[in-house]
Amino acid sequence: MAAPPEDDAPPAYEAAPAHGAAPDRGAPPAHGAPTRSVAIHHVRASLRGAERHGADTTALLEQAAIPPRLLEVPLARVSPRQFARLTKAVWQALDDELQGLGPQPLKVGTFAMMCHAVVHCSPDLRSALDRGSAFYRLFPGGPRFHLEEKPADEKPAEGTHEARVVFDLTAFDDPDHYLAESATVVTHRFAGWLIRSRINLIRVEFSHPAPRHALEYDLLYGAPCSFRAPRTALVFDRAVLDRPVLQDEAELRAFLRRAPGDVLARLDYGNTAAAQVRRLLGQSLPDRMPDPQDVAARLAMSAQTLRRRLAAQGTSFQRIRDQLRRDVAIAALATGTVSIEDISQRLGFSEPSAFHRAFKRWTGSAPRSYQPGG
């Protein structure tokens, strides 16, 4: 679904621009904001099609500087830059943006051409989504999606008229649901980028069962997710469809150049309690991270209310803090330019040995194994 980057994605230790997440003009977040690392599940899933087509997956991993042994470590993760390189390597090996998982290959460059068609010819987001849908219907093996709107006279749900982008991925041989995740994430990011505004999702529906990595979905979508639904769909306020397309060709070139590193592994998106907590903790780096009471106060709620909301989302303040520290550490280690001692200090550990123990608990491996040549 995503276009090949014209060069490598930005270093994960720096702030990767968040497509559609910036409040104005598509500007990137502040330098130093942490990016999301990518679960090893997605690395394995992205290689499944290459394996089917007889590609040398070890060579693909080497191109991305991902140690093949990490595939066997359940808790392992990689940086956005590594994942972007791997995706690009699979595209080039198969000449297929669907990475060997579709009924027919979708040649590299197809997504970029769709973007050009949409940017130049769409006055508003409604038209853009309709044009994107029509574009992909030209390709027998392309992804299928369409826009649905509730009639204006229909009773709104929870005070809002809903629209949804519905995906039909039944033709794909995708047991990991990797393309379902990719298609929904890329469509959401691209739509927000087009109108230069974050699109707050009401919910996301998936026809597949809840995967083991379902907790990752909160930070991918920033909205409640349901599984075993009749269809896979993004649900949002219909008023968003009237927003004008504000991007131009120059901005599109930058968008395509940055893909896909900050699409699947982008900054937190949405307004769930978990996303808000992670965002506030990330903004505090490299200074001292605030405690739960401080964060609750900044969110205008009690610490008890915050704990209850996080628990309802299947997480906790400590888990979010550990995930953030883990992701910052992985991104820094992958650059090969920051020492373990410096990372340990930045993340607030009293000594490197404490960081070593925590990192191994988070990822199943020692920090040194995440450094180039480690």
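A: A salt bridge is taken here as a side-chain nitrogen of Lys or Arg within 4 Å of a carboxyl oxygen of Asp or Glu. The model is predicted, so local features need pLDDT of at least 70 and side-chain atom pairs count only at pLDDT 80 or more, while totals for chains, interfaces and linings use all residues. Residues are numbered from 1 along each chain as its sequence is written, and side-chain values use heavy atoms, with hydrogens and water left out.

By this rule there are 15 salt bridges. One of them joins Arg77 to Glu216, with the closest N and O atoms 2.8 Å apart. Arg77 lies in strand E2 (residues 77–78) and Glu216 in the loop between E5 and H7, so this pair ties together parts that are 139 residues apart in sequence. Helices (H or I, at least four residues) and strands (E, at least two) are DSSP runs, numbered from the N terminus. Arg77 and Glu216 are both buried, where buried means under 20% relative accessible area, exposed over 50%, and partly exposed in between (1.4 Å probe, protein chains only).

Another salt bridge links Arg278 with Asp327, at 3.1 Å between the closest N and O atoms. Since Arg278 is in helix H10 (residues 273–284) and Asp327 in helix H13 (residues 317–335), the pair ties together parts that are 49 residues apart in sequence. Arg278 has 3% relative accessibility and therefore counts as buried; Asp327, at 1%, also counts as buried. Asp327 has a further salt bridge, to Arg326 (2.9 Å, N to O), and both of these residues are buried. Through shared partners, salt bridges join Arg77, Glu216, Arg278, Arg326 and Asp327 into one network.

Asp96 is found in the loop between helix H3 (80–94) and helix H4 (110–121). Not counting residues up to four places away in sequence, Asp96 touches Trp91, Leu101, Gln104, Pro105, Leu106 and Val108, a contact being heavy atoms within 4.5 Å.

Gln104, one of those contacts, lies in the loop between H3 and H4. At 40% relative accessibility, Gln104 counts as partly exposed. Leaving aside neighbours within four places in sequence, Gln104 is in contact with Asp96, Leu98, Pro140 and Gly141. Gln104 and Ala171 are 67 residues apart in sequence and 9.7 Å apart in space, C-alpha to C-alpha.

Next, the nonpolar side. A nonpolar core is a set of buried Ala, Val, Leu, Ile, Met, Phe, Trp, Tyr and Cys residues joined through side-chain atoms within 4.5 Å. The largest such core holds 101 residues, and Val43, Leu86, Leu125, Leu194, Phe236, Val277 and Phe355 touch the most other members. Helix H6 (residues 178–195) gives the most to this core, with eleven residues. Phe355 touches Ala329, Ile340, Ile343, Ser344, Leu347, Phe349, Trp362 and Pro367, again not counting residues up to four places away in sequence.

Aromatic rings of Phe, Tyr and Trp (its six-membered ring) pair if their centres lie within 6.5 Å; planes under 30 degrees apart count as stacked, over 60 as edge-to-face and the rest as tilted. The count comes to 17 aromatic pairs. The rings of Phe206 and Phe227 have centres 5.6 Å apart and planes at 15 degrees, so they are stacked. Phe206 is buried at 0% relative accessibility, whereas Phe227 is partly exposed at 24%. Phe359 and Tyr370 form an edge-to-face pair, 5.1 Å centre to centre with 90 degrees between the planes. Both Phe359 and Tyr370 are buried. Phe135, Tyr136, Phe139, Phe145 and Phe167 form one aromatic cluster.

For the chain as a whole, the secondary structure comes to 15 helices and seven strands. Of its 374 residues, 56% count as buried. Among contacts between residues at least 6 apart in sequence, 69% join residues at least 24 apart.
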